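The structure comes first, and the notes follow by topic.

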Amino acid sequence: MLSHLNDICKRYLLEEKRLIMPSYSAGLSFLQAFAREGYSRFNLRVSTIFDLAMEVCKQSLHQKGIELCSDNEYIVYGILMSLSKQDKLQYFKGLQITPTLSGAVFGAISELKHAGILPEDLSPDKFVDPKKGEDFTLI
């Protein structure tokens with residue numbers, strides 16, 4: 001089995017290959033054994049049945065105009081909805097709160113966090129539009 005998988009990995013070196021396993025831990029153990037045998041696992045990714053089911057569901061929902069959020073985007077979505085209902089948003093006021101908006105806001109928050117900027121370090125006057133800075137401070 002390992003040599004067969006190695007043949008596939010060599011033949012399709014640059015394409016993504018998916019190893020379907022019952023769990024990530026089982027998949028990672030398999031990949032470690034595969035590498036110990038000297039085989040290349042370049043572009044070989046572990047997936048579970050759940051991952052495949054989620055992909056199919058997401059594609060189906062996307063075709064119907066429905067987008068799913070990641071957990072982090074969902075949290076930001078909830079925060080944005082709550083602040084919107086409380087009429088506390090200024091910059092984002094009037095915008096439709098969507099998974100896309102939540103994802104963009106989460107991405108910006110992540111960038112700020114990776115840059116070492118804490119919420120208390122945010123200064124609204126440093127933003128092009130200070131209202132945006134005030135909204136980010138609230139979020």
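At 42% relative accessibility, Leu-13 counts as partly exposed; buried means under 20% relative accessible area, exposed over 50%, and partly exposed in between, with a 1.4 Å probe and protein chains only. Leu-13 sits in the loop between α1 and β1. The model is predicted: local features need pLDDT of at least 70 and side-chain atom pairs count only at pLDDT 80 or more, while totals for chains, interfaces and linings use all residues. Residues are numbered from 1 along each chain as its sequence is written, and side-chain values use heavy atoms, with hydrogens and water left out.

**Nonpolar patch**

- Leu-13, together with Leu-14 and Phe-42, makes a nonpolar surface patch of about 330 Å².
- Patches are made of residues with over 30% relative accessible area and no salt bridge; like charges are joined within 9 Å, and nonpolar side chains (Val, Leu, Ile, Met, Phe, Trp, Tyr) within 5 Å.
- Accessible areas come from the Shrake-Rupley method with a 1.4 Å probe, and for residues only the protein chains shown count as cover.

**Salt bridges**

- Side chains of opposite charge can pair when their charged atoms come close.
- A search of the whole structure finds four salt bridges, each defined as a side-chain nitrogen of Lys or Arg within 4 Å of a carboxyl oxygen of Asp or Glu.
- One of them joins Arg-45 to Glu-16, with the closest N and O atoms 2.7 Å apart. This pair links distant parts of the chain, as Arg-45 is in strand β2 (residues 44-47) and Glu-16 is in the loop between α1 (2-11) and β1 (17-20), 29 residues apart.
- Arg-45 is partly exposed at 36% relative accessibility, and Glu-16 is partly exposed at 48%.
- Another joins Glu-55 to Arg-18, where the closest N and O atoms are 2.3 Å apart. Here too the pair links distant parts of the chain, with Glu-55 in helix α3 (residues 49-63) and Arg-18 in strand β1, 37 residues apart.
- Glu-55 has 30% relative accessibility and counts as partly exposed; Arg-18 is partly exposed with a relative accessible area of 29%.
- Glu-16, Arg-18, Arg-45 and Glu-55 are linked in a network of salt bridges.
- Lys-93 and Asp-87 also meet through their side chains in a salt bridge, at 3.2 Å from N to O. Asp-87 is partly exposed, at 49% relative accessibility.

- Asn-6 lies in helix α1 and is buried, with a relative accessible area of 8%.
- Leaving out residues up to four places away in sequence, Asn-6 touches Phe-34, Tyr-39 and Ser-40; contact means heavy atoms within 4.5 Å.

**Overall build**

- The chain has six helices and two strands, where helices (H or I, at least four residues) and strands (E, at least two) are DSSP runs numbered from the N terminus.
- From the N terminus on, the order of elements is α-β-α-β-α-α-α-α.
- The radius of gyration of the chain is 22 Å, well over the 14 Å that the globule rule gives for 139 residues, so the chain is more spread out than a compact globule. That radius is taken over C-alpha atoms, and the rule is 2.2 Å times the number of residues to the power 0.38.
- Along the principal axes, the C-alpha atoms fill a box of roughly 60 × 35 × 25 Å.
- Of the 139 residues in the chain, 22% are buried.
- The chain exposes about 9,800 Å², and carbon and sulfur atoms supply 57% of that area.
- Among contacts between residues at least 6 apart in sequence, 63% join residues at least 24 apart.
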